[in-house]
Amino acid sequence: VGLWLYNRDRSEILCEDLYTQSRQFHDKGNRLQASNYPRYFQALQESRIIAAHEPIEDPRMNEFGEDYFKRHGITSMMDIPIRLHGEMVGILCHGHTGTKREWTLEEEDFAASIADLASLFLETFERKRTEEALRESEARYHSLFDGVPVGLYRSAPDGKMIDANRTFIQMLGYPDR
C-alpha cells in the first residue's frame with residue numbers, strides 16, 4: 001500500500017509512504033512524473049477507483065509497462081484518488097502480489113473509505129495550518145497597532161470605536177489597558 005501526494009506544481013506525485021507487507025518494510029521518496037503517464041492520471045481524474053485485476057492489460061495502467069509490474073511482482077492494482085476540495089491531491093495505491101486477484105466490492109469500498117479518511121486528515125491539517133497563520137497574522141497586527149508611537153483607533157461603519165492603541169488611550173488621558 002502506498003500513499004502518493006502531488007508536488008506543488010502538480011507535475012509529479014511523491015511517495016510519502018510505501019508499505020510492503022511481505023517484507024514488513026516502509027519506503028518513501030519515489031517519484032512519478034505525471035506527464036509520463038497521461039492515461040493513468042486522466043483515469044484517476046475521472047474515476048473514484050481504478051481496480052485493475054490485470055494491470056498489464058488495463059489501458060488505464062499499462063503505461064507503466066510489463067517490466068514495472070514484473071519487477072515489483074504486482075499482479076493486480078487498485079488505486080484511489082485522494083481529493084481535497086474536489087481536486088485530486090494524491091493517490092492511495094494498493095498492489096497485490098502472487099496470483100491475480102479480483103478486487104471485491106467490499107475491498108473497493110474499504111479502500112475508498114481509507115482515501116476519504118486521508119482527505120479528511122489533509123483538510124484538518126490545512127485548516128489548522130490556516131488557523132495558525134491567522135493567529136500569527138493577528139499577533140503581528142496587534143503588535144504593530146499597539147507599538148506605533150502614533151494614536152490609532154478603529155471604528156465601525158456607524159462611527160463607534162472598536163479598538164484603540166495604547167498611544168491613543170494615553171492621549172485621551174485614560175489609564176493603560
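These notebook entries record what I looked up in a predicted model of one protein chain.

**Basis.** I worked from a predicted model, in which local features need pLDDT of at least 70 and side-chain atom pairs count only at pLDDT 80 or more, while totals for chains, interfaces and linings use all residues. Residues are numbered from 1 along each chain as its sequence is written, and side-chain values use heavy atoms, with hydrogens and water left out.

**Fold elements.** I noted four helices and nine strands in the chain. Helices (H or I, at least four residues) and strands (E, at least two) are DSSP runs, numbered from the N terminus. Along the sequence I read the pattern β-β-β-β-α-β-α-β-β-α-β-β-α.

**Overall form.** I then looked up the radius of gyration, which is taken over C-alpha atoms; the globule rule is 2.2 Å times the number of residues to the power 0.38. The chain has a value of 26 Å, well over the 16 Å that the rule gives for 177 residues, so it is more spread out than a compact globule. Its C-alpha atoms fill a box of roughly 85 × 30 × 30 Å along the principal axes.

**Burial.** I find that 34% of the 177 residues count as buried. Buried means under 20% relative accessible area, exposed over 50%, and partly exposed in between (1.4 Å probe, protein chains only).

**Aromatic pairs.** I recorded ten aromatic pairs in the structure. Rings of Phe, Tyr and Trp (its six-membered ring) pair if their centres lie within 6.5 Å; planes under 30 degrees apart count as stacked, over 60 as edge-to-face and the rest as tilted.

One of the pairs I examined joins tyrosine 6 and phenylalanine 41, which are tilted at 45° between the planes and lie 6.1 Å centre to centre. This pair links distant parts of the chain, 35 residues apart: tyrosine 6 belongs to strand 1 (residues 2-6) and phenylalanine 41 to helix 1 (residues 38-46). Tyrosine 6 counts as buried because its relative accessibility is 15%, and phenylalanine 41 is buried at 6%.

I next examined phenylalanine 121 and phenylalanine 125, a stacked pair with 6.5 Å between centres and 20° between the planes. Both lie in helix 3 (residues 105-147), and because they are four residues apart, about one helical turn separates them. Phenylalanine 121 counts as exposed at 56% relative accessibility, whereas phenylalanine 125 is partly exposed at 47%.

**Cluster.** Finally, I noted that Tyr6 and Phe41 belong to one aromatic cluster with Tyr37, Tyr40, Phe64, Tyr68 and Phe69.
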